[in-house]
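The following explanation is intended for a reader who meets this structure for the first time. Please keep the sequence and the model in view while reading.

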Amino acid sequence: MMSWNLFILFALVAVALWAFGAFFAWKERPRLVYLFTLAGILVFFAFIVGMWITLERPPMRTMGETRLWYSFFLPVAGIIVYSRWRYKWILSFSTLLALVFICVNLFKPEIHSKSLMPALQSPWFAPHVIVYMFSYAMLGAATIMAVYMLLRKGNTTAAEINLTDNLVYVGLAFLTFGMLFGALWAKEAWGTYWAWDPKETWAAATWLCYLVYIHLRKARPAEWQDACVLLLVSFVCLQICWWGINYLPSARGLSVHTY
Amino acid sequence: MTEGFLIGGGLLLAGVLLRKVAGPIDWSVFAWPVNLIVLILLVAGIGVMYALRRRVYAFEWMMHSSAAVPCLLYAAVLTIVMGLLPQVRSGGIPWLSQMLTFWPFVLIWAWMMVISALAALNHLLRWKVREIPFILNHLGVVVAIVAATLGNADTRSLQMTVFSGSPEWRAVDDEGMVQEPGLAIELHKFTMEEYPDHSPKRFASDISVYTEAGQSVQGVVEVNKPLKVNGWKIYQYGYDSSRGAESEYSVFQLVHDPWIFWVYLGIFMMIAGAVCLMLFMAPKPVR
């Protein structure tokens with residue numbers, strides 16, 4: 001039986017393993033990097049699977065449960081980026097960010113084991129949430145890159161811009177999957193694929209912002225600083241879409257997405 | 001890109017004037033066959049623009065990503081405004097609380113469809129296998145959004161309350177008007193399971209559906225599992241919540257959406273396009 005009381009245990013072990021992985025990235029020991037990071041990912045995933053079995057439903061219902069997936073996908077995104085670009089610092093960043101979300105879950109749980117209402121009992125539920133969380137992790141990493149590049153202004157390399165573009169392409173692809181899986185699911189659950197529910201409106205706004213980024217990079221490759229600023233704005237939209245909407249007066253009580 | 005910002009500004013201005021003169025957009029006007037005529041005009045217009053691209057600089061320019069940037073930016077800002085302000089049927093903040101019938105919003109989205117379609121056509125006619133990702137993304141979004149928008153007026157959504165033991169053929173629309181969808185539903189049994197905290201776990205209706213042509217279909221309808229009969233999709237919508245499992249009636253939503261095939265086609269093109277976006281369109285890694 002898995003429970004939230006055991007979370008701190010799994011989280012500590014996972015974060016320790018990720019920290020070792022990040023440490024060996026600085027020491028340029030790739031094999032140890034993969035070993036420790038993947039071990040951490042496995043430990044963390046074991047907790048998620050355990051919760052899934054115990055709750056008898058996918059742990060994606062509450063904000064706390066979605067943060068669980070986010071903390072899981074950050075090191076996944078980190079190790080993918082590391083394997084292709086060999087940035088020494090990327091795993092330190094992803095570990096730190098995952099730790100932040102783990103701490104939020106430890107100190108402000110919002111994890112009360114809610115039951116799963118009929119509308120959420122669908123084969124679309126898991127893919128819809130998982131691809132969104134993976135996308136959020138990718139786009140979060142892109143945001144960190146944008147901040148990093150804006151702060152270092154003159155010293156930005158082509159490789160850094162290239163990495164940021166790649167993170168956005170993959171993030172946007174998964175954002176599109178999430179949105180369209182949601183539309184297909186909505187049609188089965190409510191009879192409409194798109195109803196301009198506040199969550200959907202913000203999903204559309206976020207999607208458009210990242211599309212501006214991609215087209216701007218194509219049209220004006222030299223103006224990467226504008227593109228970086230755009231990434232910051234886009235990430236704000238994404239945060240509003242994910243959780244900010246619960247605090248927006250325009251969306252309160254209107255959204256079918258408030259859980 | 002300055003041209004793009006000027007065109008967008010012009011569309012906003014034109015939209016505001018239209019809103020003042022013609023009022024909000026009445027989407028029901030687009031009911032069949034008007035939507036078909038609009039679609040033909042749209043396709044013809046795009047074809048003409050494409051044919052004249054060498055003579056009219058603006059048409060050539062519209063296919064380029066520098067035309068897309070201002071257009072997408074305007075669309076993003078208007079969509080953000082829509083997300084920030086409460087959207088209500090009437091009242092609220094003038095014009096902006098009814099964004100979906102607000103001309104500037106619709107004109108900007110329409111412009112987006114036109115330039116995306118032009119760009120897709122441009123890549124389609126220079127056919128090469130490596131153009132497929134671009135075409136899927138740009139054509140997919142146009143097919144899905146144009147079909148969804150033009151088809152909206154043809155969509156019928158009705159609610160039918162059926163008491164067990166007495167077949168029902170009347171339903172009500174959004175305005176509360178009684179409508180006959182052309183099929184009758186008989187409720188055999190309504191079942192409901194609850195969680196220990198008495199919140200609903202599962203509710204379902206065992207029904208028979210009879211069509212005017214004399215066809216009859218038996219099936220179970222539950223949330224996330226609609227039943228398709230004669231062009232209608234029947235959804236489990238509600239029940240007598242004060243009586244829960246003892247409810248003597250079940251409420252169904254009946255949806256008829258003749259354009260759905262095209263919307264799905266667009267959505268599947270976009271999903272395939274997104275796969276290509278990450279596999280083939282992302283720039284090659286540079287170390």
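In which sense do strand E5 and E6 of chain B pair, and over how many bridges? The model is a predicted one, and in it strand E5 (residues 200–211) of chain B pairs with E6(B) in the antiparallel sense over seven bridges. Within this pairing, Ala204(B) has Glu222(B) of E6(B) as its bridge partner. Both strands belong to an open sheet of three strands in chain B, with the order E4-E5-E6 and antiparallel pairing. Strand E4 (183–194) and strand E6 (216–222) of chain B form the edges, each pairing on one side only. On average, neighbouring strands of this sheet are turned by 15 degrees against each other, direction ignored.

Attention now passes to the helices of chain A. The axes of helix H3 (residues 63–85) and helix H4 (residues 90–107) of chain A come within 9 Å and cross at roughly 175 degrees. Because angles over 145 degrees count as roughly antiparallel, H3(A) and H4(A) are roughly antiparallel to each other. Residues making the contact include Leu68(A), Leu74(A) and Val81(A) of H3(A), together with Leu91(A), Ala98(A) and Phe101(A) of H4(A). By class, the residues of this contact comprise 14 nonpolar, six polar and one charged.

Finally, the two chains meet. Their contact takes 44 residues from chain A and 48 residues from chain B. On the side of chain A that touches chain B, H3, helix H6 (158–190) and helix H7 (198–219) of chain A each supply at least two residues. H6(A) provides the largest share of that side, 16 residues. The side of chain A that touches chain B has 29 nonpolar, ten polar and five charged residues.

Note on methods. Residues numbered from 1 in each chain as written. Chains lettered and ligands numbered in written order. Predicted model: local features only at pLDDT ≥ 70, side-chain atom pairs only at ≥ 80, totals over all residues. Axes fitted to C-alpha atoms, helices over the stretch in contact; angles between N-to-C directions. Helix = DSSP H or I, 4+ residues; strand = E, 2+ residues; numbered from the N terminus. Parallel < 35°, antiparallel > 145°, perpendicular 65-115°, else oblique. Contact = placed C-beta atoms within 7 Å. Nonpolar A, V, L, I, M, F, W, Y, C, P; charged D, E, K, R; others polar. Pairing = 2+ DSSP bridges.
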